[in-house]
Amino acid sequence: MIQIAEKSNAHFCAEFKRAGDPVPEGADLLFDGSYLKTLFWPVSKECTLLLIGLGDKEPGIKERQEAAALAAKEMKEQKIYHFAMNIGVIADENMNAVSDLVQGILMGSYELPKQRKGKKEELSVELLGIPDSRIQEAENALKQGKVLGDAIVWARDMVNMPGNHFTPAIFAEEVADHMEDAGVEWEALDYDAIKQMGMGGLRAVGESSTHEPCMFIMRYRGDQKSNKVLGLIGKGVTCDTGGYCLKAAGTMMGIKGDMAGGAAVAGAIYALAKNQVPVNVTGLIPMCENRIAKDSLVPGDVISSYAGKTIEICNTDAEGRLILADAATYAVREEKVTHVLDIATLTGAVVNMLGFSTAGLVSDHPEFVKTFYKAIAKSGERYWRLPIFEEQQNMIKSQIADIKNMGGSCCGTITAALFIKAFTDNVPWIHLDIAGTAWVDPPLFAYQSVGATGAGITSLYFLAGEL
Ligand code: BES
Ligand code: ZN
Ligand code: ZN
């Protein structure tokens with residue numbers, strides 16, 4: 001439980017300090033307020049402070065999340081589950097900061113489901129230092145932060161799940177449960193429907209496994225007056241072996257995380273609905289495995305797609321774009337979305353390019369990108385836009401089909417994006433490649449833990465609000 005309070009009887013209290021801020025006498029010998037420096041310091045029998053350094057720069061979203069996460073981690077390490085946190089210095093002018101801090105606490109105290117099992121201690125945090133006149137604002141921000149934090153924890157849990165315990169059917173059931181809880185309409189197209197409707201991409205990849213594929217659809221309507229509908233499309237490959245273009249053994253750890261884009265879409269919609277944000281969003285998650293069946297895809301094959309375009313398969317490990325293509329076309333043609341954003345752990349190339357802190361962004365629509373930049377100014381996540389030119393478009397032309405699923409040895413992130421764009425019927429479109437940011441080992445930031453990060457959720461959430 002995290003709540004705003006005037007006073008607290010907790011024995012432990014986290015205090016944030018800028019470099020140079022006064023600290024209790026003696027503590028200055030050990031603590032200088034430098035960024036993410038921490039020190040437990042007893043001030044009386046009833047009260048021990050945990051000092052957390054903010055450094056000498058104005059703390060932004062990332063710093064607030066890291067500082068709060070670190071406080072939660074340090075407390076947890078000492079088995080302290082009830083503590084106060086004086087957030088006055090961080091949230092004095094900007095009550096949105098409360099949302100960032102709460103997300104930080106929830107992310108920082110994240111534990112794997114196995115570690116949580118049987119635990120009795122419930123986290124209890126009292127947030128102090130909010131002036132009376134701003135309590136209502138702070139309460140709203142607290143609620144938003146809690147829901148976003150819960151959504152991130154949920155997404156991390158799903159992405160961390162072992163592939164054999166998280167098949168497409170289990171994924172669908174898990175998301176359906178949460179949508180029921182949030183009051184979001186959902187539908188799941190099964191294998192027969194996928195086949196019958198001509199979703200050739202999802203069908204072909206899905207047929208590589210005995211665990212059948214599924215097209216999961218969520219419809220959240222929070223604004224009846226608006227005709228805008230944001231289409232969010234997330235890659236939901238619960239296990240990506242590469243198929244006949246089998247991945248090398250040494251690169252296989254982490255292949256269960258190939259549904260992180262789908263988890264981000266589900267998490268964002270869950271949070272929007274829980275917070276009753278007045279927006280309209282339709283989410284699609286094509287769910288499947290990419291394995292080897294005796295008659296699954298091999299390079300050289302040609303398949304059809306929901307859009308009617310034929311696709312030459314050049315590499316069976318480039319499966320994500322095949323299933324996203326069907327979802328994108330379905331979103332535009334059947335669900336009538338006005339904007340498409342797809343999010344996926346799509347290419348190794350983006351990891352080589354931007355590493356684990358920054359995701360790739362590709363779009364041909366400057367206005368939509370501007371809107372997305374407003375969203376990331378609120379989420380604090382890092383994205384970097386990559387160029388698209390004719391040369392790269394030409395790289396996915398096929399001699400024997402309408403398009404091919406691989407571009408060549410360079411520009412892998414861009415050609416993957418352009419492939420998906422070819423299936424969006426030219427509605428405003430953004431593509432996010434989170435192959436680097438969805439999973440960290442080791443963690444880069446204090447609010448992360450080894451494994452799934454929950455990447456994308458907050459940016460999608462704020463994008464919906466900005467549209
Ligand atoms: N899911 C992978 C991309 C990936 C790589 C995610 C590393 C996370 C970490 C995707 O399906 C894939 O295998 N892409 C290929 C595409 C290539 C064959 C054109 C890749 O990037 O190697
Ligand atoms: Zn793959
Ligand atoms: Zn994949």
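In this predicted model, the zinc ion (ligand 3) is coordinated at 2.0 to 2.4 Å by K235 through NZ, by D240 and D258 through OD, and by E319 through OE. The arrangement is octahedral because the six donor atoms around the zinc ion (ligand 3) subtend angles of 78 to 173°. Along the sequence, the donor residues of the zinc ion (ligand 3) are spaced K-x4-D-x17-D-x60-E. D258 belongs to the loop between β10 (236-240) and α8 (260-274), while E319 belongs to the loop between β13 (311-312) and α9, so this pair ties together parts that are 61 residues apart in sequence.

The zinc ion (ligand 2) is coordinated at 2.0 to 2.2 Å by D240 (OD), by D317 through both O and OD, and by E319 (OE). The site of the zinc ion (ligand 2) is irregular, with angles of 70 to 168° among its six donor atoms. The donors of the zinc ion (ligand 2) follow the spacing D-x76-D-x1-E along the chain. Here D240, in strand β10, and D317, in the loop between β13 and α9, link distant parts of the chain, 77 residues apart.

| Residue | Relative accessibility | Class |
|---|---|---|
| D240 | 4% | buried |
| D258 | 7% | buried |
| D317 | 22% | partly exposed |
| E319 | 1% | buried |

D317 counts as partly exposed because its relative accessibility is 22%, and buried means under 20%.

Turning to the backbone, most residues other than glycine have a negative phi, and most peptide bonds are trans. L36, however, has a positive phi near 65°; L36 is found in the loop between β2 (12-18) and β3 (38-42) and is partly exposed, at 24% relative accessibility. K336 also has a positive phi, near 55°, and lies in the loop between α9 (320-333) and β14 (339-344), where K336 counts as exposed at 56% relative accessibility. Finally, a cis peptide bond joins D441 and P442, with omega about 10°, and P442 is placed in the loop between β19 (439-440) and β20 (451-452).

How values were computed
Residues numbered from 1 in each chain as written. Chains lettered and ligands numbered in written order. Predicted model: local features only at pLDDT ≥ 70, side-chain atom pairs only at ≥ 80, totals over all residues. Heavy atoms only, no water. Helix = DSSP H or I, 4+ residues; strand = E, 2+ residues; numbered from the N terminus. Buried < 20%, exposed > 50% of the residue type's maximum accessible area, 1.4 Å probe, protein only. Donors = N, O, S within 2.8 Å, 3.2 Å for Na, K, Ca; no water. Tetrahedral: all angles 85-135°; square planar, octahedral: opposite > 155°, others 65-115°.
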